[in-house]
Protein chains: 2
Amino acid sequence: MRAEMTPREGLRCGLRERKKRRTHDALIRAALELCTQQGYDRTTIDEIAEAVDVSQRTFFRYFTTKEDVVFAVQEIVEARFLEALRARPAAEAPLEALRNAVLLAWDDLGQVIESIIPVELHMRTYQMIESTPALVAAHLRRSSDLEELIATVIARREGLDVETDPRPRIVVAAFSGVMRLAGRLWGEAGECSVESIRATTEQHLDGIVPAIAGEWRKTAP
Amino acid sequence: MRAEMTPREGLRCGLRERKKRRTHDALIRAALELCTQQGYDRTTIDEIAEAVDVSQRTFFRYFTTKEDVVFAVQEIVEARFLEALRARPAAEAPLEALRNAVLLAWDDLGQVIESIIPVELHMRTYQMIESTPALVAAHLRRSSDLEELIATVIARREGLDVETDPRPRIVVAAFSGVMRLAGRLWGEAGECSVESIRATTEQHLDGIVPAIAGEWRKTAP
DNA sequence: ACAATAATGTCAGCCACTGACAGTTGACAA
DNA sequence: TTGTCAACTGTCAGTGGCTGACATTATTGT
């Protein structure tokens with residue numbers, strides 16, 4: 001069995017593949033439903049496995065850790081964002097390209113998510129992550145890995161080498177930090193819609209340049 | 001027993017306090033020594049406890065998790081940095097104050113660390129953290145908590161409210177991301193001295209403004 | 001229908017971590 | 001000095017995440 005199901009490959013092929021994908025998605029749904037309802041720590045793998053009627057061992061053949069299943073959907077979102085970023089015209093400045101890619105990715109994302117779980121469940125998951133220390137840690141580590149990829153893309157756009165020029169990583173670090181901040185504030189606000197997270201994101205991204213420039217007292221917030 | 005030993009309080013008082021602090025520090029030393037030598041994952045709590053000749057249960061009365069003991073020294077470093085930041089003159093712009101506080105903190109840090117463990121061991125610990133996924137995650141989460149504190153300090157400097165004005169958090173997010181980047185690159189470089197990490201930090205911090213401004217092709221890196 | 005192969009279940013076991021209870025040791029007053 | 005109280009420690013039993021090994025069942029290509 002190959003656990004890599006990343007590029008939604010399950011479409012073609014035989015019964016075995018379809019069955020595999022079915023339990024895979026069922027595990028995600030069960031896990032998110034249980035965790036968002038009763039809390040991540042108070043949900044055991046045995047419960048999740050039992051809900052899908054497989055053994056605990058089988059769960060661990062699909063997801064290497066308990067955290068993994070929580071981020072399975074995020075993974076798809078991230079892939080979308082990377083695509084959008086690579087498609088940005090070379091004329092845009094790095095930070096500008098990042099900004100536009102995020103906002104575009106948020107737009108037609110609902111479709112993709114809905115094929116696996118209800119969007120509403122995904123939003124609740126996002127909020128659960130931000131309020132669970134263990135998941136915050138995991139989320140940050142994943143973001144950090146993603147940053148590395150983004151930095152490479154940015155470097156290529158500008159014709160630079162990531163290893164020798166620190167600037168691609170620097171913008172990405174700043175960008176990424178702000179993205180996380182926006183996500184966290186959105187989670188705390190309780191407002192659960194896709195529009196609201198888009199708006200919060202946009203607002204914060206547009207605050208980067210003036211905030212860094214440091215002329216805080218000249219202009220109103 | 002109170003596990004909070006944060007403000008190095010052990011100086012005064014009786015035998016009991018001294019004994020407590022002795023095993024506390026001994027556990028740190030043993031843990032770091034063992035983990036840096038044979039790897040974090042391949043080191044068990046039982047080994048650490050046995051090296052200090054206490055029970056496993058006692059270990060968990062001093063440190064709530066295995067990760068905690070690894071970051072015990074970092075905690076002191078962070079407290080130092082916060083002090084330095086609060087002492088910065090109000091005339092400095094936010095990012096400028098952050099920059100100067102970090103560089104100052106690095107200077108007279110050796111003294112403080114040495115009272116607990118050899119500085120060289122602390123440096124090796126730093127590198128171990130960056131090369132151990134579980135610890136990277138923990139480190140990121142801790143940094144994220146620290147960011148919140150820093151943002152509050154910055155907001156007070158500028159006479160703003162952290163909850164309504166996103167700008168303090170935005171600079172801090174950018175600053176923090178860059179700090180981590182510098183730390184990671186330093187770890188990968190293999191160079192273990194305090195000077196080299198100070199230099200790397202300085203270089204990257206000074207890169208923030210131009211990188212965000214986006215005029216990459218006008219000036220040489 | 002029949003191998004070859006892949007997915008699953010079962011079982012035993014490691015390790016981080018916790019609660020409960022009992023034993024030990026330092027602090028402090030009589 | 002001694003006895004009492006409180007703090008610290010050890011032991012033990014148990015939970016939950018996670019893994020390796022091996023047997024069992026299910027699909028696939030022939």
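Q: How are H6(A) and H11(A) oriented to each other, roughly parallel or roughly antiparallel?
A: In this predicted model, the axes of H6(A) and helix H11 (residues 194–205) of chain A cross at roughly 175°, and because angles over 145 degrees count as roughly antiparallel, H6(A) and H11(A) are described as roughly antiparallel to each other.

Q: And within what distance do the axes of H6(A) and H11(A) come?
A: The two axes come within 10 Å.

Q: Which residues make that contact?
A: From H6(A) the contributors are A:Arg99, A:Val102, A:Leu103 and A:Trp106, while H11(A) brings A:Val194, A:Arg198, A:Thr201, A:Glu202 and A:Leu205. By class, the residues of this contact divide into five nonpolar, one polar and three charged.

Q: Switching to H9(A), what does it span from its first C-alpha to its last?
A: Helix H9 of chain A, residues 133–158, has 26 residues and reaches 37 Å between those two atoms, which is close to the 38 Å expected at 1.5 Å a residue.

Q: Which of the residues in H9(A) are buried?
A: The buried residues of H9(A) are A:Leu135, A:Ala137, A:Ala138, A:His139, A:Leu140, A:Arg141, A:Glu147, A:Ile150, A:Ala151, A:Val153, A:Ile154 and A:Ala155.

Q: What do they pack against?
A: Within chain A, the buried residues of H9(A) pack against helices H4 (66–70), H5 (72–86), H6 (94–107), H8 (119–130) and H10 (167–189), and they also pack against helix H9 (133–158) of chain B.

Q: What comes just after H9(A)?
A: Just after that helix, A:Gly159 takes a positive phi of about 70°.

Q: On to the two chains: how many residues are in contact?
A: There are 32 residues of chain A in contact with 32 residues of chain B. On the side of chain A that touches chain B, H6, H9, H10 and helix H12 (208–213) each supply at least two residues, and the largest share, ten residues, comes from H10(A).

Q: What is that side like by class?
A: The side of chain A that touches chain B has 21 nonpolar, six polar and five charged residues.

Q: What rotation superposes chain A on chain B?
A: A rotation of 180° with 0.0 Å of shift along its axis does so, with an RMSD of 0.1 Å, and the two copies are thus related as by a two-fold rotation axis. The C-alpha of chain A nearest the axis belongs to A:Ala174, 1.9 Å from it.

Q: Why say the copies meet through the same surface?
A: Because 100% of the interface residues of chain A are also interface residues in chain B.

Notes. Residues are numbered from 1 along each chain as its sequence is written. Chains are lettered from A and ligands numbered from 1 in the order in which they are written. This is a predicted model: local features need pLDDT of at least 70, side-chain atom pairs count only at pLDDT 80 or more; totals for chains, interfaces and linings use all residues. Helices (H or I, at least four residues) and strands (E, at least two) are DSSP runs, numbered from the N terminus. The expected span of a helix is 1.5 Å times one less than its number of residues. A residue is buried if 20 or more other C-beta atoms lie within 10 Å of its own, exposed if 12 or fewer, and partly exposed in between; C-beta atoms are placed from the backbone. Two residues are in contact if their C-beta atoms, placed from the backbone, lie within 7 Å. Axes are lines fitted to C-alpha atoms, for helices over the stretch in contact, and angles run from 0 to 180 degrees between N-to-C directions. Angles under 35 degrees count as roughly parallel, over 145 as roughly antiparallel, 65 to 115 as roughly perpendicular and the rest as oblique. Ala, Val, Leu, Ile, Met, Phe, Trp, Tyr, Cys and Pro count as nonpolar, Asp, Glu, Lys and Arg as charged, and the others, Gly among them, as polar. Copies are superposed by least squares on the C-alpha atoms of residues with pLDDT of at least 70 in both.
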